[in-house]
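The sequence and the structure come first.

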Amino acid sequence: MSISPPWYTDGFPELRDGPPWVMAEMIAAQPELLERIATGADTAALALMLRAVTPLSVVGCGTSEHAAMAVAAMLREGGTAATARQAFEAALDPQAGGAVIGVSHEGGTAATTRALEAAHAAGSATGLITAVIGSAATGPADAVLATPMIDRSWCHTIGYTSPIAAGLALADRPSDGVVHELATAGLATRDQAAAVARQLAGCSRLIIVGSGADRISARELTLKIEEACHLPCAMRDLETFLHGHLPACDQSTGLVLLSIDRRRANQRRERAGQLVAAARRIGLRCALIGRGDAPDGELDAGTIEAPSAPLLPAAAEAVLSAALPLQWLSYELALTRGTNPDLIRREQEPYREASAIHG
C-alpha cells in the first residue's frame, strides 16, 4: 500500500496502488449481504408508517436516487402507490402530507436530509433507508430501516443494492435463498463482463438503453461507468433513443442495451431488436445485459447473460438481476482503461477541489 498523500486524511476509501480495487470486494460481498437484508431486515416501523398514510414518495441522489426508483417500483408492484423523486427537487417542492422515504446509504447527503426536513415541516411522515444510524439524515426521519454494511468504495455497489434489498423486504419479503442464489449467479458473470469491457473500452462514449424497470439499471450503469473509468455515457429510454439521438452517434460510439424486465417482454424485445439493427447499420458497437433470447440483431460487443429469479416480483428481478453484471462491467472497464474506481478521481487535485466546491 502507498503512503497516503497530505490531502488523504480519513482513510476512506482505502487508497491502493493498484487492483484489486475495493469495489471488487464490495461486489463479492453481495450474495450473503443482500440475502440477509431481504429476508431479515427489521421493516416494522417503516411498514407501519406506510400503511397509515398516502401519498408516498421515495427520494435520493446519485446511486441512492436510482435505488429510490427501484424501491418505488417494487412498492408499486406490490400494490402501494409510490413515486420516486430527486431529493434536491423534493426539498424545493416538498410533499405536503403522506410519507416521504429517503434513501441515503451513508446518511450524509445534504439534499436528501433537506428533502426529509422539508417534508417533515410540510406535514409528511418521514422515513429513511441507510447504513449509518445517527447520521445527519436520520435526524428528520420518523422511522429508519437500517442496512448492515457500509460501502467502502465511493463507486458504490452495495450502496445501490442494499437499499433495493431493503425495499424488497418492505414490499414483498422473498423466500429464503432466492436473493442469495440470484446474486451468486450475478457474481459468475464477471468473465462475460470482462469480454464486453474489452470490446467497449476504446469507444469515445457509451449510450445505455433500457425499457420498463431496466431504465433504472440503465441509469445506474451510466453513473457507474462514468465514476469508475471516466468514459462519457448517456442514458436513453428504448423508444426515445430512436427519435433524434442516432445522428450524434458513429463508429466510435458503443451501445449497451439492458433487456431483463419480463413484463410485456415480447414487445420490448421486438423494439430492442430494431434499435440494435439500426445502431449496427451506422457502426455502433453493441452489447447486451439480458437474456439469451433477446434481442434480435448483431451484438458484436458481446452479451452478459443476466440471471433469472422467476419467484421474485418482476421489478425486483429486473433490477437485482442487472445489478452485479452492470457493476462487473463498470469494474472491468476500469481495469481495461487503467483507472481507480474507488476514489472516483478525487486522488487528482482538480477533481478533489471540484468536489469540495459543490460539497
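In this predicted model, Y331 has a relative accessibility of 1% and, since buried means under 20%, counts as buried. By the rule applied here, the count of aromatic pairs comes to 1.

E332 also lies in helix α13, and this residue is buried, with a relative accessible area of 8%. When neighbours within four places in sequence are left aside, the contacts of E332 are R190, A193, A194 and A197.

Two packed helices are described by the angle between their axes and the distance between the axes. The table gives these values for two helix pairs.

| Helix pair | Axis distance | Angle between axes |
|---|---|---|
| α10 (residues 214–229) and α13 (residues 314–337) | within 9 Å | roughly 20 degrees |
| α4 (residues 63–77) and α10 | 10 Å | about 170 degrees |

Helices α10 and α13 are roughly parallel to each other, because angles under 35 degrees are counted that way, and α10 passes α13 in a right-handed crossing. On the α10 side the contact is made by D214, I216, S217, E220, L221, K224, I225, A228 and C229, and on the α13 side by A318, V319, A322, L326, L329, S330, L333, A334 and R337. Sorted by class, the residues of this contact divide into 12 nonpolar, 2 polar and 4 charged.

Helices α4 and α10, in turn, are roughly antiparallel, because their angle falls in the range over 145 degrees. T63, H66, M69, A70 and A73 of α4 make this contact together with I216, R219, E220, L223 and K224 of α10. The classes here are 5 nonpolar, 2 polar and 3 charged residues. I216, E220 and K224 of α10 are among the residues that take part in the contact with α13, and they are also among those that take part in the contact with α4.

**A buried loop position**

A137 is placed in the loop between β4 (125–130) and β5 (143–146), and this alanine is buried, with a relative accessible area of 0%. Which residues surround A137, leaving aside its neighbours within four places in sequence? They are S104, G107, T113, L116 and L128, each of them in contact with A137. In the case of T113, the separation from A137 is 24 residues in sequence, while the C-alpha to C-alpha distance is 4.6 Å.

**Backbone exceptions**

Most residues other than glycine have a negative phi, and most peptide bonds are trans. Against this background, P19 and P20 are joined by a cis peptide bond with an omega of about 5 degrees, and P20 is found in the segment before α1 (22–28).

R264 is not a glycine, yet its phi is positive, at about 50 degrees. This arginine sits in the loop between β8 (253–259) and α12 (265–281), and R264 is exposed, with a relative accessible area of 62%. I344, again not a glycine, has a positive phi of about 40 degrees, and its place is the loop between α13 and α14 (349–358).

Methods:
Residues numbered from 1 in each chain as written. Predicted model: local features only at pLDDT ≥ 70, side-chain atom pairs only at ≥ 80, totals over all residues. Heavy atoms only, no water. Axes fitted to C-alpha atoms, helices over the stretch in contact; angles between N-to-C directions. Helix = DSSP H or I, 4+ residues; strand = E, 2+ residues; numbered from the N terminus. Parallel < 35°, antiparallel > 145°, perpendicular 65-115°, else oblique. Left-handed = near helix turned anticlockwise from the far one by under 90°. Contact = heavy atoms within 4.5 Å. Nonpolar A, V, L, I, M, F, W, Y, C, P; charged D, E, K, R; others polar. Phe/Tyr/Trp six-rings, centres within 6.5 Å; stacked < 30°, edge-to-face > 60°. Buried < 20%, exposed > 50% of the residue type's maximum accessible area, 1.4 Å probe, protein only.
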